[in-house]
Amino acid sequence: MAEQNNDSVRQAKDAALRKHNPGASRKQLVLWLGALVLGAILGWLGIKPLNDLFNFIATVFTRLFQFIAVPTIALAVITTLASLGGKRETKRIFAHAVTYTLLTTISAAAVGLVLYLWIAPGNLPAEVVGAGAAAVPTDKVGSLSYYDHFLTVIPNNILQPFLAGNVLSVMIIAASVGLALAFMPKTENRAVLLKGLYGVQELLFTLIKAILWALPVGILAFSGQLAAQVQAGVIVGALGKYVAVVLGGNTIQFFIILPLFLLARGLNPLAVFKKMSPAIAVALFTKSSAGTLPVTLASAEVNLKVNPKVSRFVLPICTTINMNGCAAFILVTSLFVMQNAGFELTLGTMIAWLFIAVLAAIGNAGVPMGCYFLTLSLMSSIGAPIGLMGVILPIYTIIDMIETAENVWSDASVCAMTDHDLKDQLDNEPAVSAS
């Protein structure tokens, strides 16, 4: 029997790896790195017509991202909340899962913020971000009171926030609509409305995939644009500290914070990690929490002996909303881009963005290249120059592997803690393999 259980986990792992084809991801990484290097070389040549072409292509990609940004975020939040709220029959499991999800996600973002303040990545040269920073309306910030600031994000009609690209207002509208759909009576009208929203979301994802397919051209342009303006050593130094913050935060969350959560609930982190290691390994190579879900379910039920009532409810939810690595990436990258754009980053502003990053990560349901795209969307919608995001992109491919493994490890931790808390309150059922 034990051998059969191990075989089921192994089969789920192999199937997930075949489906997501890690070799294709490696080819994509090589292509992006090649575009980055080629763009840098061409930019250094200082050929004016070529640099003008790079500026044009970079502007085209920036506009495409701005075009797709706000509706993508809105639909992700609406569909996520609508699907979560419908699970009313398991309130106790839901409450524990969401509580642990919020605690771990906020802690991941907080670790990223502390490291950002400590390592303090430097600014890129002013000429790189000057053009974009000049368009940011920072002159009005000082004249607004706290009450005025909050009023600017409270929508007074449904279209204006979308037209103005006010992401906070859009998130308020999206959260309200999502929760309303969650608690609506399950009528035919509700089903039709949800089906329409999912259809529009699929359409947007198709458009995003088309943009990503052409993205090597954008990376080439962004890299050439930056290389033509600054010395490469300055960029490498600033980005080196930025990467140190992101990877350092992921490492601390993975090896220290999450084990401390497990210890606080009376669980052995090493034992949990060992039993969930097949899922974590698959997540590292596929860069997809959703694609890893069959392996995560099989590992939790067969190896960790989690009650199926818990695992089959908590793990799909956590795959959607429990994004520890994503929250930290969104926060650190947003601060880095805003700092280079000339925004005044007070402690209050940083804390506010911590919670924005957590909310954005929770709304990151099914978005291709989710964390990167959401960060880019947030930055473009507030008017911050996003040219340097083109240089971050190839680095993000590596970061994404580590973040996905961290997300799945966090999913497993939340599932284990929820099962431990409720083991005497739920009826036990046979742990049938979920592969």
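**Entry 1: Trp-409 and the cores**

I began with Trp-409 and listed its contacts (heavy atoms within 4.5 Å). Leaving out residues up to four places away in sequence, Trp-409 touches Phe-254, Leu-258, Pro-259, Leu-262, Pro-269, Val-272, Phe-273 and Ile-280. A note on the source: this is a predicted model, where local features need pLDDT of at least 70 and side-chain atom pairs count only at pLDDT 80 or more, while totals for chains, interfaces and linings use all residues. Residues are numbered from 1 along each chain as its sequence is written, and side-chain values use heavy atoms, with hydrogens and water left out.

Next I looked for nonpolar cores, meaning sets of buried Ala, Val, Leu, Ile, Met, Phe, Trp, Tyr and Cys residues joined through side-chain atoms within 4.5 Å. I took buried as under 20% relative accessible area, exposed as over 50%, and partly exposed as in between (1.4 Å probe, protein chains only). The largest core has 81 residues, and Trp-409 is one of those that touch the most other members, together with Tyr-242, Val-314, Phe-329, Ile-330, Leu-331 and Ile-392. Helix α18 gives this core its largest share, 13 residues. A second, separate core has 15 residues, among them Leu-75, Leu-181, Leu-197 and Ile-208. In soluble globular proteins, nonpolar side chains tend to be buried together.

**Entry 2: the whole chain**

I counted secondary structure from DSSP runs, numbered from the N terminus: helices are H or I with at least four residues, strands are E with at least two. The protein chain has 18 helices and zero strands. Of its 435 residues, 52% count as buried. Among contacts between residues at least 6 apart in sequence, 85% join residues at least 24 apart. For accessible areas I used the Shrake-Rupley method with a 1.4 Å probe; for residues, only the protein chains shown count as cover. The chain exposes about 19,800 Å², and carbon and sulfur atoms supply 67% of that.

**Entry 3: helix α15**

How many of the residues of α15 are buried? I found 18 of the 18, so this helix is largely enclosed by the rest of the structure. I also checked its length, where the expected span is 1.5 Å times one less than the number of residues. For α15 (residues 324–341) that gives 26 Å, and the end C-alpha atoms are 26 Å apart, which agrees. Gly-342 follows α15 and has a positive phi, near 95 degrees.

Within α15 I picked Ser-334, which is buried at 1% relative accessible area. Ser-334 touches Phe-329, Trp-353, Thr-375 and Met-379, not counting residues up to four places away in sequence.

**Entry 4: salt bridges**

I searched for salt bridges (a side-chain nitrogen of Lys or Arg within 4 Å of a carboxyl oxygen of Asp or Glu). The structure holds two.

- Asp-52 pairs with Lys-48 at 3.1 Å, N to O. Both lie in helix α3 (residues 48–85), four residues apart, about one turn of the helix. Asp-52 is partly exposed at 39%, whereas Lys-48 is exposed at 57%.
- Arg-265 pairs with Asp-421 at 2.9 Å, N to O. This pair links distant parts of the chain, 156 residues apart: Arg-265 is in the loop between α11 (232–264) and α12 (269–286), and Asp-421 is in α18 (residues 389–422). Arg-265 is partly exposed at 33%, while Asp-421 is buried at 17%.

Is Asp-411 buried or exposed? With 2% relative accessibility, Asp-411 counts as buried. Asp-411 sits in α18 and touches Leu-315, Cys-318, Thr-319 and Asn-322, not counting residues up to four places away in sequence.

I then turned to Leu-304, in the loop between α13 (289–303) and α14 (308–321). Leu-304 is buried at 16% relative accessibility.
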